[in-house]
Amino acid sequence: MLDTLFHPVVLNDTLTLKNRILMAPLTRCMADDNLVPTQAMIDYYARRADTGLIISEAILVRADGQGYPHTPGLFTPEQINGWHKVTDAVHNNGGKIFAQLWHTGRVAHPFFFNGEYVLAPSAIALEGTLPRMRELTYTVPKPATKAEIEQLIADFSQAAANAIDAGFDGVEIHGANGYLIDQFLHFSTNERDDEFGGTPENMARFPLAVIDAISQRIGRDRTGLRLSPGGYFNLEGDSRDRAVFDYLLPEVEKRCLAYLHVGIFDDSMNFDYLDGSVSQYMRAHYHRTLIGVGCYTPETGSDAIEAGKFDLLAIGRPLIANPDYVNKIQSGQALTPYDDTMLAQLI
Ligand code: FNR
Ligand code: 8K6
């Protein structure tokens with residue numbers, strides 16, 4: 001029954017969502033040259049305010065986190081002001097919106113910020129060339145020093161405070177999809193032998209420090225987290241990664257965040273070392289609010305919620321194709337199928 005999707009949900013004392021359909025974070029590469037949201041972006045988000053919660057496209061916490069053209073930031077007054085127009089428009093339409101906070105680590109490129117190098121846990125380059133900029137190959141990153149790690153934590157925390165200043169209802173820490181935080185959590189990208197690598201506890205240290213800094217700064221009720229225990233994008237998974245997430249998930253659970261969000265493109269993908277799909281693994285190891293995602297339809301998504309596989313459903317590509325997704329499924333109208341050519345324009 002699709003009805004399940006329309007039951008409101010209390011996340012905590014601070015936040016109640018009007019339905020269980022969330023807009024998944026979707027990078028669109030449409031910010032202006034100063035990485036400020038445009039009027040087209042304001043209108044795009046405002047049109048989707050009938051979802052229970054919009055999670056914004058990934059937003060850079062600082063300049064050297066950039067790995068794609070025209071991805072927005074949240075580290076200059078102009079960017080904060082630009083996002084305020086987005087959050088005002090969403091709130092005026094009765095919606096709620098979180099900012100997804102992002103640093104791409106080794107997926108960044110000095111080309112974008114006119115820098116000399118990119119930071120990552122270890123000096124292991126991503127193979128290949130940049131999407132949409134095929135002439136650029138990824139560089140060998142500089143392993144972050146302890147002082148640089150401290151600064152990254154401070155910058156994540158400052159970006160969370162900036163998000164609240166910009167009117168966001170909260171933030172989602174982007175710990176998924178092979179970007180900086182996730183690079184600490186997988187053996188293929190973390191070969192450190194200091195307190196940030198080598199053991200599950202050490203590999204989880206930077207991610208947990210970011211989580212703690214942000215939840216202390218803006219409140220745990222306003223802090224969500226996305227994780228990808230299965231390596232599938234921007235890095236390779238390793239059977240040893242399982243122990244890292246076995247340690248991390250109970251640690252995250254103790255922190256009583258607003259939610260945990262599965263980071264995957266297709267939730268039917270199985271990982272040997274997780275004994276199944278990422279959502280099955282996370283549900284087994286985490287007992288608070290879980291957001292499922294990845295190739296779900298309204299029908300398969302509501303069935304999964306009813307079966308207890310997760311609590312809320314994030315929808316990505318179908319919401320690119322259908323700004324009125326919620327209204328369409330509630331009134332039984334057919335959805336427009338997504339195709340990749342739709343990425344060229346914000347509708
Ligand atoms: C994504 N996804 C994504 N994930 C994320 O955490 N931050 C991001 O900025 C993006 N950007 C992004 C752009 C585009 C064009 C796509 C298609 C996907 C992943 C997204 O949130 C979601 O997990 C997947 O799209 C799977 O859900 P759907 O599309 O099958 O409903
Ligand atoms: C976070 C931002 C990134 C830019 C996004 C691009 C997304 C393009 C969608 C392509 C899907 C790729 C899925 C990869 C899955 C690999 C499975 C083995």
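Reader: Where does Asn-114 lie?

Author: In this predicted model, Asn-114 sits in the loop that runs between helix H3 (110-113) and strand S6 (119-120).

Reader: Is Asn-114 buried or exposed?

Author: Asn-114 is exposed, with a relative accessible area of 74%. Its phi is positive, about 55 degrees, although Asn-114 is not a glycine. Most residues other than glycine have a negative phi.

Reader: And what is the phi of Cys-256?

Author: Cys-256 also has a positive phi, of about 50 degrees, and is not a glycine. Cys-256 lies in the loop between helix H8 (241-254) and strand S12 (259-262). With a relative accessibility of 24%, Cys-256 counts as partly exposed.

Reader: Turning to the ligands, which residues are closest to ligand 1?

Author: Ligand 1 is surrounded by 19 residues, and the closest are Pro-25, Thr-27, Arg-226, Cys-295 and Arg-317.

Reader: What polar contacts does ligand 1 have?

Author: Among them, a polar side-chain atom of Thr-27 is 2.5 Å from an oxygen atom of ligand 1. A backbone N or O atom of Gly-316 lies 2.8 Å from an oxygen atom of the ligand. For Asn-177, an N or O atom in the side chain is 3.3 Å from a nitrogen atom of ligand 1. On its own ligand 1 has 610 Å² of accessible area, and the protein covers 91% of it.

Reader: Which residues surround ligand 2?

Author: The residues around ligand 2 are Thr-27, Tyr-68, Trp-102, Tyr-179, Tyr-232, Phe-233 and Phe-265. Ligand 2 exposes 540 Å² when taken alone, of which the protein buries 56%. Its shell consists of six nonpolar residues and one polar residue, with no charged ones.

Reader: What about the core: which residues of the largest nonpolar core touch the most other members?

Author: They are Leu-74, Leu-101 and Phe-206, in a core of 98 residues. A second, separate core has 17 residues, including Cys-29 and Trp-102. In soluble globular proteins, nonpolar side chains tend to be buried together.

Reader: What is Leu-74 in contact with?

Author: Leaving aside neighbours within four places in sequence, the contacts of Leu-74 include Ile-59, Trp-83, Leu-101, Asn-162 and Phe-168.

How values were computed:
Residues are numbered from 1 along each chain as its sequence is written. Chains are lettered from A and ligands numbered from 1 in the order in which they are written. This is a predicted model: local features need pLDDT of at least 70, side-chain atom pairs count only at pLDDT 80 or more; totals for chains, interfaces and linings use all residues. Side-chain values use heavy atoms; hydrogens and water are left out. A residue is near a molecule or strand if one of its heavy atoms lies within 4 Å of it. Accessible areas come from the Shrake-Rupley method with a 1.4 Å probe; for residues, only the protein chains shown count as cover. Ala, Val, Leu, Ile, Met, Phe, Trp, Tyr, Cys and Pro count as nonpolar, Asp, Glu, Lys and Arg as charged, and the others, Gly among them, as polar. A nonpolar core is a set of buried Ala, Val, Leu, Ile, Met, Phe, Trp, Tyr and Cys residues joined through side-chain atoms within 4.5 Å. Buried means under 20% relative accessible area, exposed over 50%, partly exposed in between (1.4 Å probe, protein chains only). Contact means heavy atoms within 4.5 Å. A polar contact is a pair of N or O atoms within 3.5 Å; within protein, one must be able to donate a hydrogen and the other to accept it, and residues adjacent in sequence count only if both atoms are side-chain atoms. Helices (H or I, at least four residues) and strands (E, at least two) are DSSP runs, numbered from the N terminus.
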